[in-house]
Amino acid sequence: MDEFDTLMNLVVGDVATEARRSYSLSVGDEVDGFKITGHIGFGATSEVYSAVNPDFGTECALKILREGDSSGVERFTHEAQLLVGIRHNNIVRVFRAGQWKGRAWIAMERLRALPENPTPDQVREWLLKICSAVTALSNAGIVHRDIKAGNILWDPVRGEPVLADFGIAAKTGTKSSSGTRGWGAPEQFDGKTPLDSSADVFALGKFAQSLLPPEVAAADPWRRILQQALAQERFLRLRSAAQLAELIDREFPVAQATGGRKWLVVWVAAAVVVAGVVIVGGVTTWRVNGRLSSQPLPAPVAEDGDGTVNVAAA
């Protein structure tokens, strides 16, 4: 997937496949302080540009509703409002949103496509990262409803996957008939079942399945993991992304000691007898983002990232 497809999926979900359209903005134009630096592509109801703003000091992706199209205003506003207050390294950061000359827009971080042909170990680590993001959503009472390969992008600076496109995200308990068939849980399309995080678990299973070689997905331990994530009946499925992460940890016990999550290992190294007194020497190590440290144990840190979300008034 090239950058064009990546950023289309980042900001609007499915990429429009019609013939190229004309852009309404040119390089050098400004939208509420964001200077257009390039053209990225088109979504179903929007145009997407690269842009810079002195307040942020970095290039971003600017999604703006097409001229004369008011149908997407509610979705734009909904997406921005849902992301207010959710700060997590693996959830796309919205810098600012508003309306300009009657057109809704959202400025968010610019990401790239996931690296191609990941190893099963990489798939496991990516899945754990996105499980953490979905857990943050669930804790905020939100169901994403549209987790799929095209909506999980890559932050090349942090080297981590990022969950994007919250255009149809909804509050837990919403009765749904929305989503992407082939990715969404069966209950998302019946219009009568109140949704919870287990719907996103189903899509997470689909995401992992799409990346794994078929022979790996069909063999244990991945077979057991996918079986519990992809159960058609909700009552047979894992209830949350946190449960999915716990299952992955149990199925890959060696990875716990060497992987990219925060693991604490404490052991007694030796008992040394000095002048008739037994002195117990302790060695403490921990792993944060894959790096070992032997410094004094730090205070607990939050799982969330430190991105800033600032949604301006329309």
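The questions and answers below go through strands, aromatic rings, charges over rings and cysteines in a predicted model.

Residues are numbered from 1 along each chain as its sequence is written, and side-chain values use heavy atoms, with hydrogens and water left out. Because the model is predicted, local features need pLDDT of at least 70 and side-chain atom pairs count only at pLDDT 80 or more, while totals for chains, interfaces and linings use all residues.

User: In which sense do strands E1 and E2 pair, and over how many bridges?

Analyst: Strands are DSSP runs of E with at least two residues, numbered from the N terminus. Two strands pair if DSSP finds at least two bridges between them. E1 covers residues 30-31 and E2 covers residues 34-42; their pairing is antiparallel, over 2 bridges.

User: Which residue in the turn between E1 and E2 has a positive phi?

Analyst: E1 and E2 form a hairpin with 2 residues between them. In E2, lysine 35 is the bridge partner of glutamate 30. The turn residue with a positive phi, about 50 degrees, is aspartate 32.

User: Which residue in E3 stands opposite histidine 39?

Analyst: E3 spans residues 46-52 and pairs with E2 in the antiparallel sense over 6 bridges. Opposite histidine 39 stands tyrosine 49.

User: How far apart are the ring centres of phenylalanine 34 and phenylalanine 56?

Analyst: Rings of Phe, Tyr and Trp (its six-membered ring) pair if their centres lie within 6.5 Å; planes under 30 degrees apart count as stacked, over 60 as edge-to-face and the rest as tilted. The structure holds 7 aromatic pairs. Phenylalanine 34 and phenylalanine 56 form a stacked pair, with 20 degrees between the planes and a centre-to-centre distance of 5.9 Å.

User: Is phenylalanine 34 buried or exposed?

Analyst: Buried means under 20% relative accessible area, exposed over 50%, and partly exposed in between (1.4 Å probe, protein chains only). Phenylalanine 56 has 27% relative accessibility and so counts as partly exposed. Phenylalanine 34 has 0%, so this residue counts as buried.

User: Which arginine lies over the face of phenylalanine 189?

Analyst: A charge sits over a ring if NZ of Lys or CZ of Arg is within 6 Å of the ring centre and within 35 degrees of the ring normal. Arginine 124 lies over phenylalanine 252, at 5.3 Å from the ring centre. Over phenylalanine 189, at 4.2 Å from the ring centre, lies arginine 181.

User: How many disulfides are there?

Analyst: A disulfide is a pair of cysteine sulfur atoms within 2.5 Å. Cysteine 60 is buried, with a relative accessible area of 1%. By the distance rule, the count of disulfides is 0.

Conventions. Helices (H or I, at least four residues) and strands (E, at least two) are DSSP runs, numbered from the N terminus.
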